[in-house]
Amino acid sequence: MKVLVVGGGGREHAIIWKLAQSDKVDKIYAAPGNGGIAQLAECVSIGAMEIDKMVTFAKENNIDLTVVAPDDPLAAGMVDRLEEAGLRAFGPSAKAAEIEASKVYAKELMRKYNIPTAGYEVFDDPTAALDYIKAQGIYPAVIKAEGLALGKGVVLAKDFEEAKEAVENMMVQKIFGDSGSRIVVEEFLTGPEVSVLAFTDGKTVVPMVSAQDHKRAYDHDEGPNTGGMGTFSPSRIYTEALAKQCMEEIFQPTIDGLAKEGRPFHGTIYFGLMITEKGPKVIEYNSRFGDPETQVVLPRLKSDLFDIMNATTNGTLEKTPVEWEDNAAVCVVAASGGYPGKYQTGYEIAGLETAEEDENVTVFHAGTSYDSGLFKTAGGRVLGVTAVDEDLDKAIQRAYAAVDKVTFPAMHFRKDIGMK
């Protein structure tokens, strides 16, 4: 089989790395890919949002399955366009992907189908939003841009001044473009967070092993929000009883609700959960594999990823075995100094081969280029150094031993990944 994977980050590298292990996959293309991905797949210089070019390429090259990994092309309807052209694609339609692309739609779906989540109000006027926040007088106030914002569209405002700044940035200054035209102001929930990805064919839901992400830039969850500075799997708090409760109250009702709304969801869905005193509640949905959660979940997958993706697309997931290793994985993100603010790129990366001499370590490339035998930095998050071991504590030690072997100028990473 020939597979095309859309995207060029650490998530896509992990997906391609896993697909390359399938004896059913002969050829993998990546569009646009990155320096690390180029070692496993043929990179094609088509941007993830160039839908017409992507469809043409898939048709001309007789691609058997196109995996649309990032959020933007899913929201823009790339899967719909591929399917209209008679091509098979892994990922949800634009209508189903709206559960990530529109936080307002996601909240309305949860309210309608009694899926536990934080209380909320929606605003399209900044003055009304600020009047509401002031009248509530409850801090921190959770303020979310409605649309896609690279994982950075959520502010926890600790007082009214911070709330005012967040609302003005989103709705007046438009720092997230049209994504901030409407905002959601939410009740602040407390408790540990857990990420659960799941495969679904629109009917059957098969949750993956749990994970926990570290969003803040600096140790002890300080500093600005990022796309993710590291992650670990399994969560230390996600018990079998919790998993059963989430399946009954959140996972299946979400997929059933989308089907009832005429938006059947095929692909991978991400449930961002808060385990509150009143039980698990949904913080957010993603309509695709999370990044960097993918880099710790897929290394624990025992089954053939291509078989699962095929079943998800064909509607035969119920009959397809999905098995996991009884181990743990930790991913430490090595970022460019200054990220998520301004940073420099083009620095040479050293030590990658040395880090991967350990057979239990895989370095996933998030923002790299490869030229004349050299890997160079090409993004904010540069690498995801992932280690697997029999338990979390050993995986943490192994991951940091590998990180210590990798260097590039101004490299920044958190020292506390996996220790939540």
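**Entry 1: Ser102**

I looked up the side-chain partner of Ser102 and found a polar contact of 2.6 Å with the side chain of Glu146. The model I am reading is a predicted one. I then located Ser102 in the chain: the residue sits in the loop that links α5 (94–101) to α6 (103–112). Is Ser102 buried or exposed? Its relative accessibility is 6%, and because the cut-off for burial is under 20%, I recorded Ser102 as buried.

**Entry 2: helices α7 and α8**

I next examined how α7 (residues 126–136) is placed against α8 (residues 160–172). Their axes come within 10 Å and cross at roughly 160°. The crossing of α7 past α8 is right-handed. I listed the residues that make the contact: α7 supplies Pro126, Ala129, Leu130, Ile133 and Lys134, while α8 supplies Phe160, Ala163, Lys164, Val167, Met171 and Val172. Sorted by class, this contact holds nine nonpolar and two charged residues, with no polar ones.

**Entry 3: Ile183**

I turned to Ile183, which belongs to strand β9 (residues 183–186). With a relative accessibility of 0%, Ile183 counts as buried. Which residues is Ile183 in contact with, leaving aside neighbours within four places in sequence? I noted Glu121, Val122, Phe123, Ala129, Ile143, Lys144, Ala145, Glu146, Val167, Met170 and Met171. I also looked up the separation of Ile183 from Lys376: the two are 193 residues apart in sequence, and their C-alpha atoms lie 38 Å apart in space.

Conventions:
Residues numbered from 1 in each chain as written. Predicted model: local features only at pLDDT ≥ 70, side-chain atom pairs only at ≥ 80, totals over all residues. Heavy atoms only, no water. Helix = DSSP H or I, 4+ residues; strand = E, 2+ residues; numbered from the N terminus. Buried < 20%, exposed > 50% of the residue type's maximum accessible area, 1.4 Å probe, protein only. Polar contact = N/O pair within 3.5 Å; in protein donor to acceptor, adjacent residues only side chain to side chain. Axes fitted to C-alpha atoms, helices over the stretch in contact; angles between N-to-C directions. Left-handed = near helix turned anticlockwise from the far one by under 90°. Contact = heavy atoms within 4.5 Å. Nonpolar A, V, L, I, M, F, W, Y, C, P; charged D, E, K, R; others polar.
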